[in-house]
Amino acid sequence: MNAMRPGELRERCPAVLAFVDEATNLFKPDTVIWCTGSKAEYQYLLRAMVKTGTAQWLNPELRPNSVLVRSDPADVARVEDQTFICSVSPDDAGPTNNWSDPAKMKANLRELFDGAMVGRVMYVVPYSMGPVGSPIARIGIMITDSAYAAASMHIMTRVGDTVLAALGTGTDFVRGLHTVGVPLKKATWADEPWPCNQTKYIAHFPETREIWSYGSGYGGNALLGKKCHSLRIASAQARDEGWLAEHMLILKLTNPEGKSKFIAAAFPSACGKTNLAMLVPTIPGWKAETIGDDICWMKFGADGRLYAINPETGFFGVAPGTSNESNLNAMKTLDANCIFTNVALTEDDDIYWEGMGKEPPAQLTDWLRRPWTPSAGRPAAHPNARFTAPAAQCPVIAKEWDDPAGVPIDAILFGGRRASVVPLVSEALSWRHGTFLGSIMASEKTAAAAGQIGDLRRDPMAMLPFCGYHMGDYFRHWIEMGEKGGETMPKIFYVNWFRKSAEGKFLWPGYAENSRVLKWIFERCDGTAEAIETPIGKLPADGALDLDGLKVEPSAMAELLKVDREGWKAELPSIKEHFETFGAKLPQGLAAELTALEQRLG
Ligand code: OXD
Ligand code: MN
């Protein structure tokens, strides 16, 4: 074995050295490389991927310093059914997570980990989620045998020596072990372009702040800083320490007078979070800028307000459907220095995906490396194809995006994809009522005609696959945070861009026009916009929503802002059923909100 001896900086981090030694003994790699975070190292990782056939360079004139990666067809998404919360008590994982006994899971994984990196390089990736040294940031050390994961961590997090320097003799870091599970037993063994194992485990140990990931090289299974650390482990840590780790975008909205507000928003997958994070307002004089598109950590500041950071430094976005029309700023972010995964390749070595807003070229190579023509009858890019792009390249990145102090959050938005019942926007009556709205957030699996209840998937706070502990306790934590913060807490709003007419047509244009709703939210926070109190929350008063120049029929607007008493009443049994899932852990405050809603509806 040819392990690089740790340098002076590493010698000053005894807990990290011990962790790396343990991992080395277990995985038995050929070589150990400590990532320092340099640009040269990132380029080295890209070249390593090209050498093994994992990646290919894109046309440097069209897409400088960018690569295309194609994964194994059996490794294309997060594996929720193989994702485990291994808390000591199953009751701490709760009804929404897969639970496994931590000792048993570790014994099982130790066997799989034993020798799993034979013949491979083991990368040690010290990373910080959040600006290094920020009181809201947290450190992790990730061990991986995937150059793709290591390179992606360089884009998505702050990696390297600065992190070790900040940690020093500290022991408070998330310990992440990741292997693709394909040892190269003989030096002569040919590697595969995308090594992975049919057996996959994404195991979290919230009590000991550990992540053990086996068999997958893809996305949230392998970039441990993202869902595993920033949401599942961090949510448990946030509960223990009195802060919030949420699946939310963060944006800065500035009015024509130059006054700014910061808005965080949670939406389930496929509801346009990245688009909203980068929207270009249609109302004259208003400006929106991006802080983050996926994760938001919020902590109380000295003034008692909630301050948020985006713990990431990149966007790991779904490519199909991203176009100049749906998200011009995202498209501009992708001009250079990106990793594209499972998109299609053009004849001139550029990228293509469905919904890119241009005619498909006559010839492509699809994500499975097969020739493709528009008559192929199948998509050229995988529906979960991704771009990994540096946040700093986003043309509308806010100057505060990497401020260690974070930004004070004025409003929190919850939303889902609802064809009926839920109006375009409502303001919660209180923090606890807002928590209630977040807890019943849902998207319709199928479009429902107006007035009918669709097939709902409840995804509380968009955290269903990401909450690292019992969701009933998570709701309680939200309520307690509100009690602690009192008057200084952000206002909570519930939005729905997806309301449909009886004929099944979208009533609201969405995308950039959502800025009109954001303006009302801004002005509610400022105390300058009117609202009317209804049984379901506060709705924009007549004329309070800026509709200047917008072509939406008055009848459609009336429908969008209607209080659908009967629809809400019809939904009460499904909310009760949802709440029953949490048993005795459902906070009394949420049960009280449900009763109060029922009474208000009459
Ligand atoms: C994501 C997700 O990839 O939420 O961000 O699934
Ligand atoms: Mn997400």
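A residue counts as buried when its relative accessible area is under 20%. Keep that cut-off in mind for this tour of a predicted model.

**Stop 1: the manganese ion.** Select ligand 2, the manganese ion, together with Lys227, His247 and Asp294. These residues coordinate the ion at 2.2 Å, through NZ of Lys227, NE2 of His247 and OD of Asp294. Along the sequence, the donors follow the spacing K-x19-H-x46-D. Now colour helix H9, residues 225-241, where Lys227 lies; His247 sits in the loop between strand E13 (244-246) and strand E14 (249-254), so this pair ties together parts that are 20 residues apart in sequence.

Stop 2: Show the surface and look for Lys227. Its relative accessible area is 7%, so Lys227 is buried. Next, find His247, which is also buried, with a relative accessible area of 4%.

**Stop 3: ligand 1.** Select ligand 1 and display the residues that surround it: Arg78, Lys227, His247, Ser269, Asp294, Arg386 and Phe466. By class, this shell holds four charged residues, two polar ones and one nonpolar one.

**Stop 4: contacts to ligand 1.** Draw distances from the oxygen atoms of ligand 1. A polar atom in the side chain of Arg78 is 2.8 Å from one of the ligand's oxygen atoms. For Arg386, a side-chain N or O atom lies 3.0 Å from an oxygen atom of ligand 1. For His247, the corresponding distance between a side-chain N or O atom and an oxygen atom of the ligand is 3.2 Å. On its own, ligand 1 has 210 Å² of accessible area, and the protein covers 86% of this.

Methods. Residues numbered from 1 in each chain as written. Chains lettered and ligands numbered in written order. Predicted model: local features only at pLDDT ≥ 70, side-chain atom pairs only at ≥ 80, totals over all residues. Heavy atoms only, no water. Donors = N, O, S within 2.8 Å, 3.2 Å for Na, K, Ca; no water. Helix = DSSP H or I, 4+ residues; strand = E, 2+ residues; numbered from the N terminus. Buried < 20%, exposed > 50% of the residue type's maximum accessible area, 1.4 Å probe, protein only. Near = heavy atom within 4 Å. Polar contact = N/O pair within 3.5 Å; in protein donor to acceptor, adjacent residues only side chain to side chain. Areas by Shrake-Rupley, 256 points an atom, 1.4 Å probe, with all protein chains shown as cover. Nonpolar A, V, L, I, M, F, W, Y, C, P; charged D, E, K, R; others polar.
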